[in-house]
Amino acid sequence: MEEKFKLTLQKDIVNHFSHQALLLSALLIAFFLLFALVPQQYGIYRDSRVISKTYDKFVTHHERLLGELSQGSINQYLSHKPVEREVFHDFYSKRSLLNVRSNLLVFNAAQDLQLITDHQLTPLAQSLQLKLVMEQSIDKPIKTSVIIDGEGNHYLAMIAAIEDANRLVGYSVLMINGDDFLTLLKSLDSRYLIFDDYQSPFLSNSEQFMTGSLGKVDEKIMPKRLFFSKHKAYLSQTSSLTPEMRVTVYRQLLPLTALLVFAMCLSASIFTALWWQSKQLGDKIATKNSLAIETLVSEMEAISQGEKQNIDLKTDDEFTYLADQMNQMIQRLYQLSQKALQLEKERQTFERRMLEAQFHPHFLYNTLETILITSQFDPELTETIVLRLTTLLRYSLNHDHQQETIANDMAIVESYLQINQVRFEQLSYHLTYDDSLKDITIPKLALLPLVENSIKYGYRYRHDLIVNITIKKIAGYLYLTVEDNGPGISKERQEQILANLQTMDSHHGLINSYRRLAHQFYHVELDFERTSLGFSITFKVKEDGFV
């Protein structure tokens, strides 16, 4: 028991520290993951805002340039055909203010090229892709799209449809090379891709995630914050720059496998160290506290075995106070048990006397009635009855001995039967017991209520009444039986008597006898039986179980 307390205390301490170590390890792993993710995510967010602001400023300047040219010199050129030199002069002078290197293309309403500032773009100007985009720009102020030439160069095309008197007269196109924009973003740490709705890239600072012969942007990186490619992990963020253009900014994370392995190894080391420390600490605490518990248990065992009467424990802590309180409680319990024992003895003595006294009035009444009758015709018989009655009363009223031997008690019962034979001439009886049982003690007159009831109720049934009293010993049990040839006891009455055996409510002679036997013997059974003679009542008691 002492070891159990110690081991339980050790286990509780180790479990507590183990949980703390697991929590610390989990927090450490979470910290490493946050260390890997949060700075990278913040960098992506910051670079994405830089790109968005730069692109917005860059596109706004070119839209203003295209708008001024389309409403000015290009409109006049397509409508009234001024010389090309005026358009070139107007374009280059305005472009110089922006410090960019875009090129201008002018088409008539039939999409025929009318003017170009860089003839190397002539094949691009005749491409089907550009013509399709121009058709889509009619209902929009300025249409933006990425155009790819035959050599794989990517341009940002800004297209404005030119109308005169609500009539389409042509298109003006600014072809912007990404090199100018790239120089504005060279300080960024993140990788990025700027592309249109068709995943055609305009600008990127890496060739990663380009697919197909046209170099389209890989769609798998766009909707995901975290994605994996070639056993590497990336964080990304995709946002809209304009209705037609988007940007994806991404960064490669530190190798997650290595990071997790490192974090788990470090966590395992911390957990092992904390577990070992908790085990050592738990052993010290448990040993110190269990010593007092072991002493308490040992002292209580000695008290329960009667070797000691109080607990001897001095620890200069709360256990000493606990031992003092337990000693006071033990002393009070001892005093109470002594009082309870004394009261129980007094109660049993009083109860025995009450039970003995309950059958006297019946017996006296019947006997006095017999004496009254015999005194009128046979004085000698009356004298005999009086002597037997005197013996019986002296025997029952002597409280010096609550138990008597079977031989003495049966002699008194026989006197009772002899007195009743005077009243009932046809009454006969047999009293049987072995000589080896004559010195066994039983409660005085325990069977007399049964004999009295046999005579009382049996004589109502028949005058040739026979009463047999038998005492025998079988397998350590003593059987006390009263049998008669009367009507017996009904089943309902038997059940009622058995139910009332342990109560104080009934004063039936049979129940009184049972309770008096129970005061002396630790095991008592009451049995009813129909016999060849008539009916028998038997008390089965444990002979060597005195209380």
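1. Serine 73 and its contacts. In this predicted model, serine 73 touches Val87 and Asp90, once its neighbours within four places in sequence are left aside. Serine 73 and aspartate 90 are 17 residues apart along the chain, and their C-alpha atoms are separated by 7.2 Å. Serine 73 belongs to helix α2, which covers residues 73-80. Is serine 73 buried or exposed? Its relative accessible area is 12%, and residues under 20% count as buried, so serine 73 is buried.

2. Strand β3 is joined to strand β4 (residues 154-163) by six bridges, and the two run antiparallel. Serine 145 has alanine 157 in β4 as its bridge partner.

3. Another open sheet of five strands has the order β14-β16-β17-β19-β18, here with mixed pairing. Which strands stand at its edges? They are β14 (428-433) and β18 (524-530); each has a single partner strand, so one side of each is left without a neighbour in the sheet. The twist from one strand to the next averages 15°.

4. Strand β17 and its two partners. Eight bridges join β16 to β17, and these strands run antiparallel. Threonine 470 stands opposite threonine 481 in β17. The two strands form a hairpin with two residues between them, and alanine 475 in the turn has a positive phi of about 50°. Eight bridges also join β17 (residues 477-484) to β19 (residues 535-542), again in an antiparallel run. Across this pairing, tyrosine 479 stands opposite lysine 540 in β19, and leucine 478 stands opposite valine 541 in β19. How many of the eight residues of β17 are buried? Seven are, and β17 is mostly covered.

5. Helix α11 (residues 406-423) lies across β14, β16 (466-474) and β17, and runs at about 175° to β14. Helix α14 (residues 509-520) packs on the sheet as well, touching β17, β18 and β19. The direction of α14 makes about 145° with that of β18.

6. Helix α11 with helix α12. These helices pack at an angle of about 20°, with axes 10 Å apart; α12 covers residues 448-461. Angles under 35 degrees count as roughly parallel, and α11 and α12 are therefore roughly parallel to each other. Their crossing is right-handed. Val413, Tyr416, Leu417 and Asn420 in α11 meet Leu448, Val451, Glu452 and Ile455 in α12. By class, this contact has six nonpolar residues, one polar and one charged.

7. Helix α11 with helix α10. Helix α10 (residues 379-397) packs with α11 at an angle of about 145°, and the axes are 10 Å apart. The crossing of α10 and α11 is left-handed. Residues of α10 in the contact include Leu381, Ile385, Arg388 and Leu389, while those of α11 include Asn408, Asp409, Ile412 and Tyr416. The residues of this contact divide into nine nonpolar, four polar and two charged.

8. The chain overall. The protein chain has 14 helices and 19 strands. Of its 547 residues, 43% count as buried. Among contacts in the chain with a separation of 6 or more, 62% are between residues 24 or more positions apart.

Technical notes: Residues numbered from 1 in each chain as written. Predicted model: local features only at pLDDT ≥ 70, side-chain atom pairs only at ≥ 80, totals over all residues. Heavy atoms only, no water. Pairing = 2+ DSSP bridges. Helix = DSSP H or I, 4+ residues; strand = E, 2+ residues; numbered from the N terminus. Axes fitted to C-alpha atoms, helices over the stretch in contact; angles between N-to-C directions. Contact = heavy atoms within 4.5 Å. Buried < 20%, exposed > 50% of the residue type's maximum accessible area, 1.4 Å probe, protein only. Parallel < 35°, antiparallel > 145°, perpendicular 65-115°, else oblique. Left-handed = near helix turned anticlockwise from the far one by under 90°. Nonpolar A, V, L, I, M, F, W, Y, C, P; charged D, E, K, R; others polar.
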